[in-house]
Amino acid sequence: MKHDPTQEALEALSALRSEADHEILLASLRSYLASRSNQIVARAARIARERGVGELVPDLVQGFHRFMKDPKRLDKGCAALSEVARALYELDYREPDIYTTGIRHVQMEGSFGPPVDIAAPLRGTCALGLARTNDPQALAEVVSLLGDKEAPARLGAVRALATNGGAAGALVLRFKALTGDADPEITAECFSALLNCERDHALDFVISFVDSPDPEVNDAAILALGASRLPQAIEYLKQKWEQTLGDPRRKTILLALATSRDEAAVNFLVSLIDSAGLSTASEVIAALAAHKHSERIRQAVSAAVDRRRERPLLDIFRREFSD
């Protein structure tokens, strides 16, 4: 069998994930981070991030600069640069040099069709890191990334503005939501980010999109309201449910209420199992099945199904809540 040193190193790195001796872990990862193989460095950076080995920050910085000298040749797939940048961000590296370089990096590589830019996730990660530094140009760099051609880069910019953009970042996110995006995930992230950072102050703004003519936009707004778990958002969704008989958005409202795990929302849905028609009750059970491992929710749904004493609902419960 042919000897493959890269594969052997990757297997050895996998074993390091559970290494209990910190000094052995540190020395081994430091050695692997100096490798010429981008795959080995990427795996080592990931483990450093997962294990929180902050002592390796200088090695990660050195590795980033080394691969950035000729990334297309040295780092196919942008594997090492992406993992190193993510590790530095999660290890709380706050110098802007790496992030400024990474947020501007474009790496076109061949594919089955036209060349593709595989550095978009790196730009998104570097947006998060740069926004956390004291660089006076950080916000301008991140805002510029909102116009990036690639969705992962724009998504990183939205998250950076939400996490570290302050009041100015929130205003930019409102503008981005109003102007829209070709990828509905970006608009959805704007809604979630605003509700997370502005809380009740963002409610009316996000609610204004629930009646958007674009079904993907109103679904995103509804789901973001549920995920916020804000009492006023839950109450709004309950009222919206009552007002939308025959509206296709009802399924999205059900899902938003169910995934919120909010007690008032769960109680409302359980009451629907008690009182709604068979079709609606079935949809509620299916929606609440996302939390089938919650003993509280399982027992509440089971009790409601038992009260109905209808075999179709019992069958749905058994199927949806089975392990």
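Arginine 261 is partly exposed, at 39% relative accessibility, in this predicted model. Its phi is near 60°, a positive value in a residue other than glycine, and arginine 261 belongs to the loop between α16 and α17 (263-275).

**Positive phi values**
- Most residues other than glycine have a negative phi.
- Aspartate 92, which is not a glycine, has a positive phi near 65°.
- The loop between α6 (79-90) and α7 (96-103) holds aspartate 92, whose relative accessible area of 39% makes it partly exposed.

**Helix α14**
- Helix α14 comprises 14 residues (215-228), so at 1.5 Å a residue it should span 20 Å; the end C-alpha atoms lie 20 Å apart, in agreement.
- At the start of α14, the backbone nitrogen of glutamate 216 has a side-chain oxygen of aspartate 214 within 2.9 Å.
- Buried positions in α14 are Val217, Asn218, Ala220, Ala221, Ile222, Ala224, Leu225, Gly226 and Ser228.
- The cover over these buried residues includes α12 (184-198), α13 (203-207), α15 (231-243) and α16 (249-260).

**Nonpolar core**
- In soluble globular proteins, nonpolar side chains tend to be buried together.
- The largest nonpolar core contains 109 residues, and Leu29, Leu225 and Leu288 have the most contacts inside it.
- Leu225 is also one of the buried residues of α14.
- Leaving aside residues up to four places away in sequence, leucine 29 touches Leu13, Leu16, Ala44, Ile47, Ala48, Val53 and Leu56.

Technical notes. Residues are numbered from 1 along each chain as its sequence is written. This is a predicted model: local features need pLDDT of at least 70, side-chain atom pairs count only at pLDDT 80 or more; totals for chains, interfaces and linings use all residues. Side-chain values use heavy atoms; hydrogens and water are left out. A nonpolar core is a set of buried Ala, Val, Leu, Ile, Met, Phe, Trp, Tyr and Cys residues joined through side-chain atoms within 4.5 Å. Buried means under 20% relative accessible area, exposed over 50%, partly exposed in between (1.4 Å probe, protein chains only). Contact means heavy atoms within 4.5 Å. Helices (H or I, at least four residues) and strands (E, at least two) are DSSP runs, numbered from the N terminus. The expected span of a helix is 1.5 Å times one less than its number of residues. A polar contact is a pair of N or O atoms within 3.5 Å; within protein, one must be able to donate a hydrogen and the other to accept it, and residues adjacent in sequence count only if both atoms are side-chain atoms.
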